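Please read it alongside the sequence and structure shown here.

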Amino acid sequence: MVLPSGLQGNFPPSEITFFAENELITILPRYSIKKIDLIGTRIPNLRAMRREQVPLWVALILKAQDKCSIVPPKWLNVVFLKEKYDDEVRKPLQFSDLPWNWLEVSKILLEKAADDLLDPADQLRSVIQDLREVRLVKSKKGLRELNESNIQLNGLSLLEINEIRPFVIPVMNKLRKLHETTQSNNDTLRDQDMDDASDDDY
Amino acid sequence: MYGDTANKLILDAKRSSNLSSIPIYQSDLIRDIVKETNDLNKDVDYLTGVHDEITDQLNVLTEQYNESIEKLQDINRQRLELDKKLKEIEKKERDPRNTRDFSSERSEITAMETVLLKRKENTAELVQDLSKDIEQINEKHSKINQCQLFVTHLSMRRNKRCLLAYEKLRADKIAEFAWLNIDPVEGTPSSTTMESNVTPITKNLTNYTTSLDLNNLNHFEQDFFKQYQDLIMNFKSDFEDIDLSGDLNAPTNIFIDVRVLKDGGEVTTEYGSFNLIKDSQFFVRKSDVERLIQQGYLEEIV
């Protein structure tokens, strides 16, 4: 195929970051900027020190030019994430509720808007790392339950799903094929048994 | 064994499937396979000839069989007639008014009957023999001839599949390269030209065909490459605003730092001109220099 095989059937991490950059985020502009009508989104009139919602990529451009400060999302603070971490530890069979793009957004904000965050960046980093590791362990444990029919991944973020996809889908496909052949074999065997039985009867 | 050369070809295809260039066309192997397939085709022709012969033989035998069965029926009819005659004679003999002696006629009829009986036996034997022959031929025909034909066909089909798989792999690689929009290598490939041809944009494409030596393609593949390029050009002209063969990575920064990798003189892009001197750096808009990065003149500094 024309698409490189690395891009077939799975997203590269840069693509997932691209998706995450399309989400809206609240900013605190420092200058007034007139509204801009783009073909995808509309950037409203920005007035200094008035909170406004814009796509994350716009916020990043403005931030790079020091024209705004980003208001961090309400889940991006140490207290909330610690709570989630305790949740994860307490409930070993399920993933706690986090936004679908928590990893990418936190990474972007820690990298490009560290001065706007409420808590020190290093503390945030460590708690995010903890969360990520405990969830990784869980998803690895969950792989034991792979079967040929279904898998439930409630609460897993896009990046985490993307990591396990190239492993999970081929394995499930193989399992399904094996299952189908054993199924059809069983069917034919049963048919043969029936034939034998009917032969015996006569 | 049949299929071994095709197997070799497939092994070669497997080896080259992960290369970033297209290896030389295996014309010798392919010629061998085609020759083998031709031989197999001759076998098929011969086997169908044998098949026809056997069918002819079978037809003759069946005709004979039918004839003898008819004869048998004829004999039976004659015997019935004789029996009738005999009964009539017996009736006449028993008739008190009759004084004529029928013994001579009787003996004649019995003689005829014995002859008929003998003929019947012979024909019955013949019928049995014929049916046995037919059965035998049928068996031989159905088991041996059909099996031979079937296996020969399977070998031919296997050869065909291997050839198609090989050719499809190469065609896919040529198509991959055609989308990259770089010039193919001309002349004999040496390690230096190969290396300089791996441009920055193609470094991060694993398992992607990033260099192509036109000499490694056979004539038809070269044709295919040219026509595929035309197809891409046609397709791209329908979407003039979008660079369909451009970078596949999601856009991140608008302005980037680039370093010049090799001298290119003065290059004018849509938005201005650069003087490309080796190892100099620029801070430029990414969309301006994307083409130059793809062609290997510039490298993005992360």
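Residues 75–178 of chain A are 64% helix and 0% strand in this predicted model, helices (H or I, at least four residues) and strands (E, at least two) being DSSP runs numbered from the N terminus.

**Annotation and conventions**
- An unreviewed UniProt entry lists residues 75–178 of chain A as "domain: GINS subunit"; such annotations may be inferred rather than shown by experiment.
- Residues are numbered from 1 along each chain as its sequence is written, and chains are lettered from A and ligands numbered from 1 in the order in which they are written.
- Local features need pLDDT of at least 70, side-chain atom pairs count only at pLDDT 80 or more, and totals for chains, interfaces and linings use all residues, while side-chain values use heavy atoms, with hydrogens and water left out.

**Interface of chain A and chain B**
- In chain A, 10 residues are in contact (heavy atoms within 4.5 Å) with 13 residues of chain B.
- The buried area (accessible area, 1.4 Å probe, lost on putting the two parts together, summed over both) is about 920 Å², with 61% from carbon and sulfur atoms.
- Helix α1 (residues 13–20) of chain A gives the most to the side of chain A that touches chain B, with 3 residues.

**Glu88(A)**
- Glu88(A) is located in helix α3 (residues 78–90) of chain A.
- Beyond four places in sequence, Glu88(A) touches residues including Phe95(A), Leu131(A) and Lys138(A).
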